[in-house]
Amino acid sequence: MRSRMSSRITRGFKGEVPRRTSRRRSALTVGALATAGVLALTACGGGNDLNAASATSGGAATSSGPALTGTLIPIGVISSLSGPQAPSSNQGDTVAPAWAEWVNANGGLNGHPVTIISVDDGGDPAKAQAAEKKLVDEDKVVAILVGSDNLVPAYDQDAISKGVPLVSGSANSADWYSNAGMFPTVTDVVSGQATQLMVAQKYGHAKKFADLYCAEVAACANGTKIQEPVASKLGLGFTSLAVSSTATSYTAQCLQLQQDKVDYAQLNFSSAAAAKFIQDCQAQGFNPTWGSSAGAIGKDFLDIDGITVYGPAYAFPSVADTAPAKTFRDAMKKYAKNDNWAEGTGSFTWSGLEVLHKALANAGDQVTPQDVTTALNTISNDDLDGLLANKITFTAGQPVAFGSHPCAFVISIKDGKTQAPEGTVCASA
């Protein structure tokens, strides 16, 4: 992907989106699944992907909104913007600048203009560390929105030690649930693994579930430690299989799944490889219901004929028939620099930025990283009027616990279109 170096300040929102009137939830008690093995779990395919390279920074405010007289608030965004997994990880580079334009056009953050500085983690720990240091040490951002987080362990301690809060975006790394100063806003990773099976049973009518996990990252296998006991509780058959995202053919795996009578195959590896996996299986006459997630659903899947896909959405589906989702779509259609904002990490990025928006609604004359951290820690039992799947609470000096964000929205592909079935699923502790 071509590196972007365009600069912009961007614009906002005065009120809160209307509250969604109802939400149907399905719950499952998962129990103490956050074992030592599970704590090693990181984002493995399934749309929680990563990669590398681009920057967008603030410039002069536009004239479309009210005059903003406060000091400029710089917010950093780290995402994976290049490499094989970028298609489901780079949406933050579109969404975040558009969010800032929308905010600034509607009054800024209590009269302060906000600017987004977007950097690429390069899919490489050293590049991720350099990107974070640039944001913190040179750009002096007051917070970092982590658009895609496979590499967040490479730099989170540096940001935390310097008092700069990290807000998700995707929140699949165990670090989100181990460190104060990190603020996950979406479904927690342990609950998310459990909700894959719940969606499979409730919406996909599964009888036998297969977890197809990424072979490249050892921690991906830890998902089975969560899913196998959940499958047992639900009365689902269960199997698992490591899949390489660089394989030239998946025929053997497809035949194995067919022989094992799998009727629901969860694609927990990169979306581009998962699309090839589906097509290789279809060529063998094997086309079960497929499992995915909001992060992976996009062009790779929508271009395949004859598939049905379901999955949990840890952040709101962009197609949801809700007031918060409509606000997001309207803002993107007006301010986004391109159409790369639906699914992937798009709604994850918007969710995290809107949590910052809420926290800074009463920003003072000068806004420092400590001010942002203090403001975030005032958020209590709040789902931003239905924007989030869970009511979130942050407490000063304490990390968010595994299992405390147990609910997920639901997303699907049917008849070649992305859909958002009504309701949520919840894996309660």
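This is a predicted model: local features need pLDDT of at least 70, side-chain atom pairs count only at pLDDT 80 or more; totals for chains, interfaces and linings use all residues.
The ring centres of tyrosine 250 and phenylalanine 269 are separated by 6.5 Å and the ring planes meet at 45°, so the arrangement is tilted. Tyrosine 250 sits in the loop that links β9 (237-243) to α7 (251-259), while phenylalanine 269 sits in the loop that links β10 (264-268) to α8 (271-283); the pair therefore ties together parts that are 19 residues apart in sequence.

A second pair, formed by phenylalanine 328 and tryptophan 350, has an edge-to-face arrangement, because the planes of the rings stand at 70°, with the centres 5.2 Å apart. Here the partners come from helices: phenylalanine 328 is part of α10 (residues 323-335) and tryptophan 350 is part of α11 (residues 346-359), so this pair ties together parts that are 22 residues apart in sequence. Phenylalanine 328 and tryptophan 350 are both buried. They also belong to one aromatic cluster, whose members are Trp102, Phe316, Phe328, Trp341 and Trp350.

Two members of that cluster, Trp102 and Trp350, turn up again where helix α2 meets helix α11. The axes of α2 (residues 92-105) and α11 come within 9 Å of each other and cross at roughly 35°, and the crossing is right-handed. On the α2 side, the contact involves Gly92, Val95, Ala96, Trp99, Trp102 and Val103. Facing them from α11 are Gly346, Thr349, Trp350, Leu353, Glu354 and His357. By residue class, the contact comprises seven nonpolar, four polar and one charged.

Strand β11 (residues 289-291) runs parallel to β12 and is joined to it by two bridges; in one of the pairings, glycine 291 of β11 has tyrosine 310 of β12 as its bridge partner. β12 also pairs with β13, this time in the antiparallel sense and over five bridges. Proline 312 has valine 410 in β13 as its bridge partner.

The loop between α12 (369-376) and β13 (407-414) holds asparagine 381, and aspartate 385 is found in the loop between α12 and β13 as well. Although asparagine 381 is a residue other than glycine, its phi is positive, near 50°. Aspartate 385, which is not a glycine either, has a positive phi of about 60°. The relative accessibility of aspartate 385 is 10%, so this residue counts as buried, given that the cut-off for burial is under 20%.

Finally, a view of the whole protein gives these local features their setting. The secondary structure amounts to 12 helices and 15 strands. Of the 429 residues in the protein, 61% are buried. Among contacts between residues at least 6 apart in sequence, 75% join residues at least 24 apart.

Key. Residues are numbered from 1 along each chain as its sequence is written. Side-chain values use heavy atoms; hydrogens and water are left out. Rings of Phe, Tyr and Trp (its six-membered ring) pair if their centres lie within 6.5 Å; planes under 30 degrees apart count as stacked, over 60 as edge-to-face and the rest as tilted. Helices (H or I, at least four residues) and strands (E, at least two) are DSSP runs, numbered from the N terminus. Buried means under 20% relative accessible area, exposed over 50%, partly exposed in between (1.4 Å probe, protein chains only). Axes are lines fitted to C-alpha atoms, for helices over the stretch in contact, and angles run from 0 to 180 degrees between N-to-C directions. A crossing is left-handed if the near helix is turned anticlockwise from the far one by less than a right angle, and right-handed if clockwise. Contact means heavy atoms within 4.5 Å. Ala, Val, Leu, Ile, Met, Phe, Trp, Tyr, Cys and Pro count as nonpolar, Asp, Glu, Lys and Arg as charged, and the others, Gly among them, as polar. Two strands pair if DSSP finds at least two bridges between them.
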